[in-house]
Amino acid sequence: MPKMQLITTNFTAGEQSPRLRGRVDIDKYNASAKQLLNVVVFKQGGATIRPPTKFIGEVKVSSDTGRIIPFVFSRSQAYLLELGNLYMRVWKDGAIVESAPSVPYEVATPYTDEQLADIDYSQGADTMLAAHPSNPVQAIRRFGDARWTVSNAPFAPPPVAETGDRGTMTMTIDNVALGVGRTLTAGSAFFLASDVGRRISWAGGVAFITVVGGATTATATVESAFGSLSANGTGGPSPIWLLEGSPQNDCTPSAASPVGVACTLTLGAAGWRSDVVGGVVDINGGLVRITSYTSPTVISGVIVKALSGVTPAPSNTWVQRKAAFNAVDGYPHTVTFFQQRTWLANTVRYPQTMWGSKSGLFFDFTPGVEDDSAVYKTVDSDEVNSIEYLHSGRNLISMTLGGEFETRGGIEKPVTQTNANITLQTRWGCDRVRPEQVGDDLLFAQRGGQTLRAIRGDELQGFVALDVSVFSEHLIRLGIKSMAFEQTPESVLWCATNDGKLLAVTYNREQNQVSFCSGDVGGEVEWVATVPEGGGDATYLLVKRTIDGSVVRYIEKLDWGNWTTTQEIRNAHDCRKEASGAASATWSGFDHLEGETVSVLADDIYIGDQVVTGGAITLPRTATSVSVGLPYVARIRQEPPEIALRTGTSQGQAVSVHRVQVRFNQTVGAKVNGTELQFRQFDTPLTLDQPVPAFTGIKELPNYGWDNGEAELLLEQDQPYPWTVLAIIRDMTVNES
């Protein structure tokens, strides 16, 4: 019966997956735990109770879904944007911004509550661009705490493409089968003479126009059979018809140069439509931005790139380009800023295309081949890889459904239209979860949301995407919904999962540390967002709770307290609110927890649980200050130890634990296997109505007997006090069989 003393010095491997319970051979086994509930693992290895949540306020429409987004103008001016159904409100320093006393400041937005989850955003200085596939890109601008605007981004011009022509009328064909002489009929005037030679398509069918008989009729040859006899115009349900390509006729410019001069473009026959305004015409090696429509044969614009001459350009040697973004073709899914350009990507029609603005001109997408021209690029791959996110790092990373691509420029040169090199780096695919930059690593949820990967790379060899959740995969089996990185006071990636849990992932690349900890705030965490606040970072949660039988949504803040000075978390209960004043046994102002059983600290002493009635609690004695919130338990459940025996392994053997010693730091209260440890010292002059001072040192629990193979050890903190575990020492005897 060998006797030994084992010490657990750290928990840096985090909460271990049940699939690894038998892997006693790996180094991380002795640095992991069976459960790490509501704790945070330090970079140094110890574990502390996770910071409680502080009640900040209720969202505008508590029963409806919402979203919170960080807006960081500077370290001293950081905001939390609350987005709901068609509105935006602003929070600063843990309080809502008001337009008048007790009147929250509010701005209208185009986003419905169903669209909020799919918003991507990127910020530069006092302007944030927000992208959603069903809405034009929005510019959210700050002019002061209570002065904001939300409007369509002023792209001039926007990204353009040879989108073809559409109308609002219906379109029919008299015969859907392959063949010549088919009749196309428009519901109102549409066809023009220069449409001859163009193709019209809908529902999988394509017809080549051979004759325009009038404004409402044309004759065509069906090259691909149509799935239906008719199609709707823009604004109608699918299928929607499209007249492909550019007008088929000679186009004559009135001027060739210089840049900035007016230029008229004249067609040999009717072919222009009024919606060409705002687009460009690529002709004779130059570009003309269209500013006005005169007639079906004449439009006018400004030369933005000099033409080679004013010679008439025949059909198919010039191109009409219109705005690439619209209600039918869709709007960008994602946006970022990279190398002094705005980058947009992924519309319904162009899912693999990305557009970069002109260098230094964030709203100008004039195409060209000069180094400062806008960049138009499509990710080439052997499958459809819609770009879910663009990320700006050392290089531009395109996170697609099928893989991760990197865009580089020339050697020591930025990305331009002529030198952009797009290469596939990994084939994992990205889920619709906004990635987070953590130091030099980019953390993203793999397609399906059940794996967390870290992109690491260098300037020469591209990058790899490592699975950093493999040891704790059970915690994200239902998928990640939202992530936010809190650099200080601890290096923690907070993750909200699809089942409403809150995970704390301590991430430290220098120490090769990834420590997953499970968490539960008593409600469903829907969104997380981190902003700089004071001397560190503040993480806010949007939490869905059921209070007094009704669904509510609160904004709550993870509160580390005076961590920089005391390095301990006090008042450890969730959705917390505090009050102070004259001595009283009755305290009100807790309507947000009506009907709930709450834990109470009175004058920093835990006095048990109370039920909030009429927004108030009644204490068994008077107090001058109270802290009230929902109780939660921090728990460390140790794995059975692995001991190398003369006969082999200790797994499955009878084990006796003679003594357990726990090294605490700044701790008040703890349980070991259900036995409460004593922290109040009666040999001191302190009285029972004074707070227990925090303890640092070793506490001991005597023998608790034999166990067959498991020898499970459970450490808990179920009171709203500080609790930090640095090491666990066990004196053990193993009965070798």
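**Notes on the pockets, cavities and salt bridges**

1. Let's start with the largest pocket: sorted by class, its lining has 22 nonpolar, 10 polar and 9 charged residues. Here Ala, Val, Leu, Ile, Met, Phe, Trp, Tyr, Cys and Pro count as nonpolar, Asp, Glu, Lys and Arg as charged, and the others, Gly among them, as polar. Keep in mind that this is a predicted model, where local features need pLDDT of at least 70 and side-chain atom pairs count only at pLDDT 80 or more, while totals for chains, interfaces and linings use all residues. Residues are numbered from 1 along each chain as its sequence is written, and side-chain values use heavy atoms, with hydrogens and water left out.

2. How big is the largest pocket in volume? About 1100 Å³. Of its 41 lining residues, Pro70, Tyr121, Arg434, Pro435 and Glu436 are the closest to the centre. Several strands give two or more residues to this lining, including strand 8, strand 15 (120–124), strand 33 (334–338) and strand 49. (A strand is a DSSP run of E with at least two residues, numbered from the N terminus.)

3. A word on the terms. On a 1 Å grid over the protein atoms alone, a pocket is an open set of points with protein on both sides within 12 Å along at least five of seven lines, a cavity is a set where a 1.4 Å probe fits but cannot get out, and lining residues have an atom within 4 Å of a point. Grid points are joined across faces, edges and corners, and the volume is the space filled by probe spheres set on the points.

4. The largest cavity has a volume of about 70 Å³. It has 13 lining residues, and Thr65, Gly66, Leu83, Gly84 and Tyr87 are the closest to its centre. Strand 8 (67–72) and strand 9 (78–84) each supply at least two lining residues, and strand 9 has the largest share, 3 residues. By class, this lining has 6 nonpolar, 4 polar and 3 charged residues.

5. The second largest cavity comes in at about 50 Å³. Its lining includes Ala78, Tyr79, Trp91, Glu533 and Tyr540. Strand 9, strand 10 (87–92) and strand 49 (524–533) each give two or more residues to that lining. By class, this lining has 7 nonpolar, 1 polar and 3 charged residues.

6. Take a look at strand 50 (residues 536–547), where 10 of the 12 residues are buried. (Buried means under 20% relative accessible area, exposed over 50%, and partly exposed in between, with a 1.4 Å probe and protein chains only.) Strand 50 runs antiparallel to strand 49, with 9 bridges joining them; two strands pair if DSSP finds at least two bridges between them. Within this pair, Ala529 stands opposite Tyr540. The two strands form a hairpin with 2 residues between them, and Gly534 in the turn has a positive phi of about 65 degrees.

7. On its other partner, strand 50 is joined by 8 bridges to strand 51 (residues 550–558), again antiparallel. Lys544 has Arg553 in strand 51 as its bridge partner. This hairpin also has 2 residues between its strands, and Asp548 in the turn has a positive phi of about 55 degrees.

8. On to charges: the structure holds 35 salt bridges, each one a side-chain nitrogen of Lys or Arg within 4 Å of a carboxyl oxygen of Asp or Glu. One of them joins Lys557 and Glu533, with the closest N and O atoms 2.6 Å apart. Lys557 is in strand 51 and Glu533 in strand 49, so this pair ties together parts 24 residues apart in sequence. Lys557 counts as buried because its relative accessibility is 19%, and Glu533 does too, at 18%.

9. Arg198 and Asp165 form another salt bridge, with the closest N and O atoms 2.7 Å apart. The two residues sit in loops 33 residues apart: Arg198 between strand 21 (179–186) and strand 22 (199–202), Asp165 between strand 19 (160–161) and strand 20 (171–173). Are Arg198 and Asp165 buried or exposed? Both are buried. They also belong to a network of salt bridges that links them with Asp195, Arg273, Asp275 and Lys322.

10. Last one: Arg659 forms a salt bridge with Asp731, the closest N and O atoms being 2.9 Å apart. Arg659 is in strand 59 (residues 654–667) and Asp731 in strand 65 (residues 724–735), so the pair ties together parts 72 residues apart in sequence. Arg659 is partly exposed at 26% relative accessible area, whereas Asp731 is buried at 15%.

Terms used:
Helices (H or I, at least four residues) and strands (E, at least two) are DSSP runs, numbered from the N terminus.
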